[in-house]
Amino acid sequence: MAFNGSSGANGRGLIVTGNTMTDIGGAGTTAYGAYALRLDSLIFNNNTCTAASSQTTTNYIAFASTNCGGRQEANGNEFTLRNSVTTSQTTGIWYTSVGSSRQMNNNTIHFGSFPNITSGTLYCLYGTYSGGNAPINLECSGNTINNETLPPTTGTSYLIYQGGAVAGTNDRNIIVDNNTLTNLVKNQSGTLYPIYLLTTDTVKARNNTISNIAVTNNNGSSLSSLNGIYMTSSSKGAIITGNTIENLTVGGTSTSTSSTIRGIFASLTSTGGYAYVGGNTIQNLQYVSGATITGSVVGINASTSQQFDIYNHKIYSLATNQSSGTVNGILISSGIINNVYNNMISDLQCPNANSNAAVLGISILGSGTSNIIHNTIYAGSTAPLSSIGVLFGGAGIQAANTAIMNIKNNIINMNGTAAGDAYFAAVRRASVGSAGVNPAGFDMGTNIYFAPYIFGEGLTLSSATNVYYVSGGATGTTDPAFNTSCGVFKAWKGDAGSFTEDNLTGSAGEYVPSGSSYAEGGANPVTTPFIANDFYAIPRAALPDMGAAEFAGSATDAAGPAISYTNIPNQNCALQPVVIATISDVSGVNTNPGNAPRLYYKLSTEANTILGNTAGDNGWKYVETTDPNSPFSFTIDYTLLTSTPGPGSTIEYFVVAEDLNGSVNVGANTVVYNAGYCPISVNLTSGAFPVSAFKTYNIFPAPSTQISATPSNVCVNAPSILNAVFSNSGNATLGTGTLTSTTTSPYYGSATLGRRVQYLYTAAQMQAQGLTAGNLTALTFTVTTAGTQTMSDLQIKMGHTNANALVTSWNPDATTTVVPASTYTAITGANTHTFTTPFNWDGVSNVVIEMCHSITGATPIMSVNYQAGPTASACYSANALGCGVATGTVTTTRPIITFTGQKALTGLTFNWDDGTNSVGTNNPQTVNPTFPSGNTMDYTITATDVTGCTFATSLTITKNLTTPSLSSVSVLPTAPCFGDSVLLSLAVVDGCPPYSYTYTFTPTAGSRLR
């Protein structure tokens, strides 16, 4: 049946209910059970339909064109899809609504024969939305596909396909809930999507069951991809919760090694939204044993440009049984903030794998911030990890070197035997780091590790850096005292509360420690993200257990107290700072006098030892808290130092505390003791010293001040705006990131090429990084690839400019030579050019920098970190003329630069006074001087920083004593006749308003008005 409304106006709704339709189609033209065009609505409910097995082209059970408005329903239908197509599409329900809410609920779908299909696409329930800004729900819930053999097409098969364009601000929700897609077989290559979700405001996929789907691919080298729930969109939000995805298998004789099996794939490209993927069970995803087809198996694959929360999952029994296979429990390709918590990941097997990253519990590929908190990873839960491959390794948590990681309160068990030049680590960075250098932005603490190696940087064992192991390792640093407070890894990484143990028990993907455990009460509460409950929705204790679940066990306390505090900021005066520290321990914190928490400190010029605690002792001193409970306060006592701190002084410090355990444990934040020393109390002995890795703060000279009044000469009670800037010398970096380029590098040359470049930095960009008016004294570039050439005449010029973009003919304002022509060889890392003549920036103008040099040598490559500027912010030339070249090429690729100059102090509070009263606390501050006792008034501003240091500066405002005068007089008309009205206009300068005026006129014949 087909219904076509008027082309000028939609027809009324079509209602098709309770019908039986058999053999829909049967010809070589497109067939429809129900076809709606230009109708207000289509209601297709409770019908029983069967497609014709003789249909040779596209077939639809029910079709609603994009011209249909109003409501669309397809509820309670039972239909069987059959077709004799080869490449054409087969569809059950196809709705492309532009109207109100849509429903595709409680349908049952069967499949008949498809004897001739080759690459035809299959859509069972297809819905999109292209309407306007209406708050609607696009429902597809309660549908069933059970015990069916899917068409053997190499094309893509979509069982549920739901999408809806984002347009406007109102909510359009895709709701795909409580669908059952089980016991399905497909005997062909191609991609199968049980649930496929596209763009809308919010995507919701909840409580669906996707289980027992077996793909057999015997099609040459063609791949097969199987995704339980697949979402890719620019949606504002996604909620994928409570789904069960299990027993998804791929087998067959295909030789493809690039296939994929994924439980959930979720990709959101919009910014400012959210994605919650939680409480799903994903189990038994695998390439079956005996098959040749293989690829990657991933429990959850996430990619987003916004916040992603992945939590409370049970992911287990993932396997590839072929040599080219890899397994990932959770794989995050990208994300700004990834919160991964309360997940249980277990039984990840690759028994024939040939990869140094074959098994990864959680893998982070992007450069965002990942908070990996309270997870339990037990990759070898059914058997220790092993492979017959020549290369076999992996990690519990692996992250890209660009990722910012916060790894806390996890249990990571990666017990296995590596092969070849690979290794298993509890935690690993993907690329090598700098040997002996603790990687920045990679925080670890209060975790349980059990793996051949605790940590490493790099995938290949022979070249990996900073490799640590407890016992049995062959490469790296051995750490037999790991389960004490004196482990070398803990000292190096600041991971004081972590331990190694192998005592997980459980089944079916749920594991917790048994018996006495370091994990019991050993976690530190975290607030980013705040995790109130565990995997089982049980509230986390005040001293929570490590891992995904709270458990009933006895605590093994071998950790010193956990200590956290805000670092002492650099000081602008020599006040004695106060440190407030939060200190906790499962056995309690010792607060008895002589054993209470201590803060050790000294001048950097004093000896790195301890002799006593008086000003006569050249070494470390300490103060002990008197607080009975956490938080504990410490006031540094400068009188114990050998000399009084002042501008230029550096103070070094660390905090220690001991617990009340029968065998005392000592914690610290943060310090590394002398080799071989292990403290037994807070009373550190001489054997602890020299120490390293402590914290420091500096005492700066009093800040420079600039104070002004606009205007500074005012009339009584007239407004003047007072402003003061307090600044100190400091560094400000313009630009972020790790992108590298040679395009606009200032260091580029060869046997035939010299260099000339200009860079434009706007006043707004400089101000945003805290720079204020004053001398710029140096600039720094970061070189990522250094050549060997020497530049014999590198020079740098700067200038103020009104330009907002550069042009090819060079900006003429770079006239101040800050670094005259001199020999320079760039190095890998920071390249700092100290100015021989400081550049006095006015604080409000844009700045142009010019650098150039002549022909150098034979090695031209010299890359620097850069960030694309917002405008034409760079101009460059590589030319034999070097500094003399007349034009360049404009680009936005501008190097990241660090200026050394005056940086405004932040966090200040202000008070202005006129010598008698406070007149305001703003800066700038508007005042109305009254001049009560003369012709001047003095105003003083007192600024106070966060440490309590105060700075004051004053200025004088003068009273306007000028005599008013007329700057112009005009008369209209200029030659009036007797009796005419005239308009007099006067301009008054100087003096103080309000003005009074006296006009005189002498009507003498022939005289002029004056």
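Biologist: In which order do the three strands of the open sheet with antiparallel pairing stand?

Modeller: In this predicted model, strand S51 covers residues 562–565 and strand S55 covers residues 632–635. Each of these two has a single partner strand, so one side of each is left without a neighbour and both stand at the edges. The twist from one strand to the next averages 30°. The order is S51-S52-S55.

Biologist: Which residue in S52 is the bridge partner of Ser564?

Modeller: Strand S52 spans residues 578–584 and runs antiparallel to S51. Four bridges join the two strands. The partner of Ser564 in S52 is Thr582.

Biologist: Which strands stand at the edges of the open sheet of five strands?

Modeller: That sheet has mixed pairing and the order S60-S78-S77-S74-S75. An edge strand has a single partner strand, so one of its sides is left without a neighbour in the sheet. This applies to strand S60 (713–714) and strand S75 (918–920).

Biologist: How many residues does the second, separate nonpolar core have?

Modeller: The largest nonpolar core has 114 residues, and those with the most contacts inside it are Phe44, Ile93, Phe111, Val359 and Val427. Leaving out residues up to four places away in sequence, Val427 touches several residues, among them Ile397, Phe442, Tyr449 and Gly456. The second core is separate and includes Ala732, Tyr824, Met862 and Val864. Its size is 32 residues.

Biologist: Is Thr836 buried or exposed?

Modeller: Thr836 lies in strand S67, residues 829–841. Apart from its neighbours within four places in sequence, Thr836 is in contact with Val818, Val819 and Pro820. Its relative accessible area is 56%, and the class for values over 50% applies. Thr836 is therefore exposed.

Biologist: How many residues apart in sequence are Thr836 and Thr777?

Modeller: In space, the two residues are 8.1 Å apart, C-alpha to C-alpha. Along the sequence, the separation of Thr836 and Thr777 is 59 residues.

Biologist: The backbone nitrogen of which residue does the side chain of Ser101 reach?

Modeller: Ser101 is found in the loop between strand S10 (90–97) and strand S11 (102–103). Not counting residues up to four places away in sequence, Ser101 touches Arg71, Gln72, Ile136 and Asn137. The side chain of Ser101 reaches a backbone nitrogen at 3.2 Å, and that nitrogen belongs to Asn137.

Biologist: Is Glu73 buried or exposed?

Modeller: Glu73 forms a salt bridge with Arg71, with the closest N and O atoms 2.6 Å apart. Arg71 is partly exposed, at a relative accessible area of 28%. For Glu73 the value is 14%, and a residue under 20% is classed accordingly. Glu73 is therefore buried.

Biologist: What is the relative accessible area of Asp177?

Modeller: Asp177 forms a salt bridge with Arg206, the closest N and O atoms being 2.7 Å apart. Arg206 is partly exposed, at 24%. Asp177 is buried, and its relative accessible area is 10%.

Biologist: Between which two residues is the peptide bond cis with omega near -15°?

Modeller: The loop between S57 and S58 holds Pro690, and the bond from Phe689 to Pro690 is cis with omega near 5°. Thr670 also has its place in the loop between strand S57 (666–669) and strand S58 (695–698). The cis bond with omega near -15° runs from Asn669 to Thr670.

Biologist: What is the phi of Trp810?

Modeller: Trp810 is found in the loop between strand S65 (791–801) and strand S66 (816–824). Trp810 is buried, with a relative accessible area of 6%. Although Trp810 is not a glycine, its phi is positive, at about 70°.

Definitions and conventions: Residues are numbered from 1 along each chain as its sequence is written. This is a predicted model: local features need pLDDT of at least 70, side-chain atom pairs count only at pLDDT 80 or more; totals for chains, interfaces and linings use all residues. Side-chain values use heavy atoms; hydrogens and water are left out. Two strands pair if DSSP finds at least two bridges between them. Axes are lines fitted to C-alpha atoms, for helices over the stretch in contact, and angles run from 0 to 180 degrees between N-to-C directions. Buried means under 20% relative accessible area, exposed over 50%, partly exposed in between (1.4 Å probe, protein chains only). Contact means heavy atoms within 4.5 Å. A nonpolar core is a set of buried Ala, Val, Leu, Ile, Met, Phe, Trp, Tyr and Cys residues joined through side-chain atoms within 4.5 Å. A polar contact is a pair of N or O atoms within 3.5 Å; within protein, one must be able to donate a hydrogen and the other to accept it, and residues adjacent in sequence count only if both atoms are side-chain atoms. A salt bridge is a side-chain nitrogen of Lys or Arg within 4 Å of a carboxyl oxygen of Asp or Glu.
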